[in-house]
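Open the model in your viewer and follow the stops below in order. Each stop says what to select and what is there.

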Amino acid sequence: MFFIGCHLSSSKGFLAMGQTALSIHANTFQFFTRNPRGSRAKPVDPADVAAFLAMRQEAGIGTLVAHAPYTINPCSADQRTREFARQTMADDLDRLEALPDVCYNFHPGSHTGQGTEAGIAQIAGTLNAILLPTQRTAVLLETMAGKGTEIGGRFEELREILDRVTLTDRMGVCLDTCHVSDAGYDVAGDLDAVLTAFDKVIGLTRLRAIHINDSLNPVGARKDRHARIGEGCLGREAFARIINHPALQGLPFILETPNELPGYAAEIALLKEMKR
Ligand code: FE
Ligand code: FE
Ligand code: ZN
């Protein structure tokens, strides 16, 4: 099964997102758990979730990806910022329990000068504080571009976080094609080598979702500027190889390209055309 979708606005609820997804021929989607900048989260509406789950089953919508707000930073040097991240993530995970078959993806964070080791310890500490054995949502670390003091640009850093989380079987990884390329992994030029490295360091069984984005910048640029599929440095052919790679089958592929809905619809059509 080829699960392809894009990031959608969550302001109108789950049923509306499901309907929007179907309107652009998507069969999965990603959404922010709350306003990407702000802090306030709307309570989950049980009627909306129930209506969505009915249509989801009918339409065959696959695993969803919930994205934590960009602004949280579990490894900031500022204690209050770390505390805010912990509370936000705990609350997100609590609310996501209402929704089956969803992953919760977050950016590991930026150590803001504390150093990678200290940052990794704080990220793992946050996860150990919020993960509960009863939760059914998988929590995903996103591979990052390695911009500034960002943690997660190297697979080894993600491995270290996973190793320090007690409930590590609840954890997975979301691979962002723009980010890994920016971080220095040549996904466009040598996909096999990148996936072999991922498997060796992290393990492909940890891989739960793909953010499918082209990059405005060349390999190793560490910029994190997304481009539409085929309009960046990775190029259209790279994405044909990515979506058809045997190691990546069955995963949700989520577009986070600079687009409105018609643009996403066109990209989804293009990717479906390239799918063998
Ligand atoms: Fe992200
Ligand atoms: Fe991403
Ligand atoms: Zn990005």
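A helix axis here is a line fitted to C-alpha atoms over the stretch in contact, and an angle between two axes is taken between their N-to-C directions, from 0 to 180 degrees. Keep in mind that this is a predicted model.

**Stop 1: two helices**

Select helix α5, residues 155–164, and helix α7, residues 191–201. Their axes lie 9 Å apart and form an angle of about 25 degrees. Angles under 35 degrees count as roughly parallel, and therefore α5 and α7 are roughly parallel to each other. The crossing of α5 past α7 is right-handed.

Now show the side chains where these helices touch. From α5, pick F155, E156 and R159; from α7, pick V194, A197, F198 and V201. These are the residues that meet. Sorted by class, the contact of α5 with α7 holds 5 nonpolar and 2 charged residues, and no polar ones.

**Stop 2: the iron ion, ligand 1**

Select the iron ion (ligand 1), then H67, H107 and E142. Which atoms coordinate the iron ion (ligand 1)? They are NE2 of H67, NE2 of H107 and OE of E142, at 2.1 to 2.2 Å. Along the chain, the spacing of these donors is H-x39-H-x34-E.

H67 belongs to strand β3 (residues 64–67), while H107 sits in the loop between β4 (102–106) and α4 (116–130), so the pair ties together parts that are 40 residues apart in sequence.

Are these histidines buried or exposed? Buried means under 20% relative accessible area. H67 has 1%, so it is buried, and H107, at 17%, counts as buried too.

**Stop 3**

**Stop 4: the zinc ion, ligand 3**

Go from the iron ion (ligand 1) to the zinc ion (ligand 3), a distance of 5.4 Å. Select the protein donors of the zinc ion (ligand 3): H179 through NE2, D224 through OD and H226 through NE2. They lie 2.0 to 2.3 Å from the zinc ion. Their spacing in sequence is H-x44-D-x1-H.

H179 and D224 link distant parts of the chain, 45 residues apart. H179 is in helix α6 (residues 177–182), and D224 is in the loop between β8 (214–215) and β9 (226–227). H179 is buried, with a relative accessible area of 2%, and D224 is buried at 17%.

Notes:
Residues are numbered from 1 along each chain as its sequence is written. Chains are lettered from A and ligands numbered from 1 in the order in which they are written. This is a predicted model: local features need pLDDT of at least 70, side-chain atom pairs count only at pLDDT 80 or more; totals for chains, interfaces and linings use all residues. Side-chain values use heavy atoms; hydrogens and water are left out. Donors are N, O and S atoms within 2.8 Å of the metal (3.2 Å for Na, K and Ca); water is not among the atoms, so sites may look incomplete. Helices (H or I, at least four residues) and strands (E, at least two) are DSSP runs, numbered from the N terminus. Buried means under 20% relative accessible area, exposed over 50%, partly exposed in between (1.4 Å probe, protein chains only). Angles under 35 degrees count as roughly parallel, over 145 as roughly antiparallel, 65 to 115 as roughly perpendicular and the rest as oblique. A crossing is left-handed if the near helix is turned anticlockwise from the far one by less than a right angle, and right-handed if clockwise. Contact means heavy atoms within 4.5 Å. Ala, Val, Leu, Ile, Met, Phe, Trp, Tyr, Cys and Pro count as nonpolar, Asp, Glu, Lys and Arg as charged, and the others, Gly among them, as polar.
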